[in-house]
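Dear colleague,

Please find the structure below, handed over for your use.

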Amino acid sequence: MSARDVIKEANPAFYGRYSKLEDTDEFWEFIIKPLRQSIRVNTLKAPLEIVVERLKEEFELEPIPWVREGFFINVENLAKVPEHGLGLIFGQEASSMIPPVVLDPKPGELVLDMAAAPGSKTGQIAQYMENEGCIIANDPNRDRANVLIANLNRMGVLIARVTTRDGARFARFENTFDRVLLDAPCSSVGMIRKSWRFLREWREKAVVKYMNIQKRLILAGYKALKPGRTLVYSTCTIDPLENEEVVDYLLRKTDARLEKIDLPVKTSEPVLEWEGKEYSPELKKALRIHPNDNDTEAFFIAKIVKPGDGDG
């Protein structure tokens, strides 16, 4: 039975919708193919070279082209690797390391991570800030916030303040943050490679529900951003309603502009027309990553700049 047939049988509506995006055998195979294990070396705890040298004694490491600290690793169970328990390495999906790289935070800045749990990207941001400055790491779900706190502690992150607000409430802090990351809650199509249930449970009405949440959050995040600074919007899904539609909405509602992202990563064409609706050609500057592009999770990343003083 081909991957295409498996998906068609598991969720016909899913197949019908996304065959309009891409309809190659390779696309369907990679949607359900198990993910390669990848890690990020946590330089807050030890120098990169020393950790890599130690891991190479036992494992094969393949560098991830778009992030210096990222590697694919041939290990079945990360929990059995001592460096993982010590927080020297952190299990993080390869494409999910892209948003903090694009955000490019600097030591001493004030950063807002609007939907931070379980904390892998927050830890990566702290790493780039060298534990200097402040990160407001928010997640409205208290259970998820507890996982976030545990992970930040294990990674040795000293500059995060964890909050449990509805992310839209950050709109009141107008022009406050140097950088904002909105790794938005989404329908998680990219996560099917981790768990079959994301395919079985996928519903179009959930996509629309998430889109409405994302639009509220992106407006709030943009409002909280200082002029001349950067907001990164990302999701681990392929649906244009949660990706191009949300960023297009921000472009229409505000003076936001997109910046091109220059990374050694293979991408698919951003969607400029979906279900009869046309989106801004500016969206060509966003990264749309399908699972078959780099053998990773699906991801979408847009680098958004608020015009004004400063550099972002």
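The chain of this predicted model holds twelve helices and 14 strands. Its radius of gyration is 19 Å, close to the 20 Å that the globule rule gives for 312 residues, so the chain is as compact as a globular protein of that length. Along the principal axes, the C-alpha atoms fill a box of roughly 50 × 50 × 35 Å.

Domains and their interface

The domain assignment divides the chain into domain 1, residues 34-91, and domain 2, residues 94-306. Taken over C-alpha atoms, the centres of domain 1 and domain 2 are separated by 24 Å. At the interface, 24 residues of domain 1 are in contact with 27 residues of domain 2. Between them the two domains bury about 2100 Å², and carbon and sulfur atoms account for 61% of that area. Three residues deserve mention here: Leu35, Leu44 and Trp66 supply 39% of the area that domain 1 buries against domain 2, which is more than any other three residues.

A salt bridge joins the side chains of Arg36 and Asp295, with an N to O distance of 3.2 Å.

The side of domain 1 that touches domain 2 receives two or more residues from each of the following elements: strand 1 (38-41), strand 3 (70-73), helix 5 (82-85) and strand 4 (89-91). Strand 1 gives the largest share of this side, namely four residues. Sorted by class, the side of domain 1 that touches domain 2 comprises 13 nonpolar, seven polar and four charged residues.

Backbone geometry

Two points in the backbone may be of interest to you. The peptide bond that joins Ala117 and Pro118 is cis, with omega at about 5°. Pro118 lies in the loop between strand 5 (110-113) and helix 7 (120-128). The other point concerns Asn131, which has a positive phi of about 60° although this residue is not a glycine. Asn131 is found in the loop that runs between helix 7 and strand 6 (134-138).

With kind regards

Key. Residues numbered from 1 in each chain as written. Predicted model: local features only at pLDDT ≥ 70, side-chain atom pairs only at ≥ 80, totals over all residues. Heavy atoms only, no water. Domains from an automatic or database assignment. Contact = heavy atoms within 4.5 Å. Buried area = accessible area lost by both parts, 1.4 Å probe. Salt bridge = Lys/Arg side-chain N within 4 Å of Asp/Glu carboxyl O. Nonpolar A, V, L, I, M, F, W, Y, C, P; charged D, E, K, R; others polar. Rg over C-alpha atoms; globule rule 2.2 N^0.38 Å.
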